[in-house]
Amino acid sequence: MDETTLPLTELLATDLDDGFTELVRTQAGTVRAVLLRLSGSARDADDLGQETFLRAYSALRGYPPERRGQLQPRAWLLTIAANVWRNHVRTLSRRPGVADGIEVTTIEIPDGCPGPEQLALDGARRARLVAALSRLPDHHRLPVVLRHIGELSYQEVAGILDCPVGTVKAQVSRGLAALRAEPGLAPDRGAYGAAEAKTAETANTATAKTKTKTNTNTTHEPARTERKEATG
């Protein structure tokens, strides 16, 4: 069998250099996307991504083949990326924000947009999203990005953050609620992921129904009172 057809973890176990090349090929995009949303800067994302893979290769060289074969590559790499980013934040005199030059032009827009007007609208929306992410507290931003940009499970995020799954769910929920509260940031499948966008739509629908029901009950309450007095 050609080695390149082996599963990634098996390839890492049998041939570290070829396995690492495949690891970079398959996971570099996810690592960069996560670091871009965390840092808000394409330059920082590139630098932090390089550091992430340097640390990853150094760690893999010290692992026995058995351990390399048991890795969960995405979660393992994003654990390293999260630590690299947190170390980066500690060295900054102030946290990045809009005034620090967040590079929204690097946020990719999906193909198939109707035209320039829609492109401009999407670009402005993504700019607001990146800016809103930068304003989230770190303990909300990191879980949101790992869950919805890194596409990790709650269990995997909990392992990276070394906290209970329930805590992660609460942090992600509060982070998303803060993003939805930002002007111009309605639920966005590209921003939150399809599942979360659907959850947001369901929640909004339920809220509207509750308000309608409450208003209806309030409207009919005087009529009920009159009937009760008439039959009393």
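Is Arg32 buried, partly exposed or exposed? In this predicted model, Arg32 is partly exposed, with a relative accessible area of 29%; buried means under 20%, exposed over 50%, and partly exposed in between (1.4 Å probe, protein chains only).

Residues are numbered from 1 along each chain as its sequence is written. Because the model is predicted, local features need pLDDT of at least 70 and side-chain atom pairs count only at pLDDT 80 or more, while totals for chains, interfaces and linings use all residues; side-chain values use heavy atoms, with hydrogens and water left out.

**Helix H2**

Helices are DSSP runs (H or I, at least four residues), numbered from the N terminus. Just after H2, Gly40 has a positive phi of about 75°.

**Salt bridges**

A salt bridge is a side-chain nitrogen of Lys or Arg within 4 Å of a carboxyl oxygen of Asp or Glu. The count is five, including these:

| Pair | N to O distance |
|---|---|
| Arg32 and Asp46 | 2.7 Å |
| Glu151 and Arg74 | 3.5 Å |
| Arg141 and Asp138 | 3.1 Å |

Arg32 lies in H2 and Asp46 in H3, so this pair ties together parts 14 residues apart in sequence. Glu151 is exposed at 58% relative accessibility, whereas Arg74 is partly exposed at 26%. Arg141 is buried at 1%, and Asp138 is partly exposed at 28%.

Note on methods: Helices (H or I, at least four residues) and strands (E, at least two) are DSSP runs, numbered from the N terminus.
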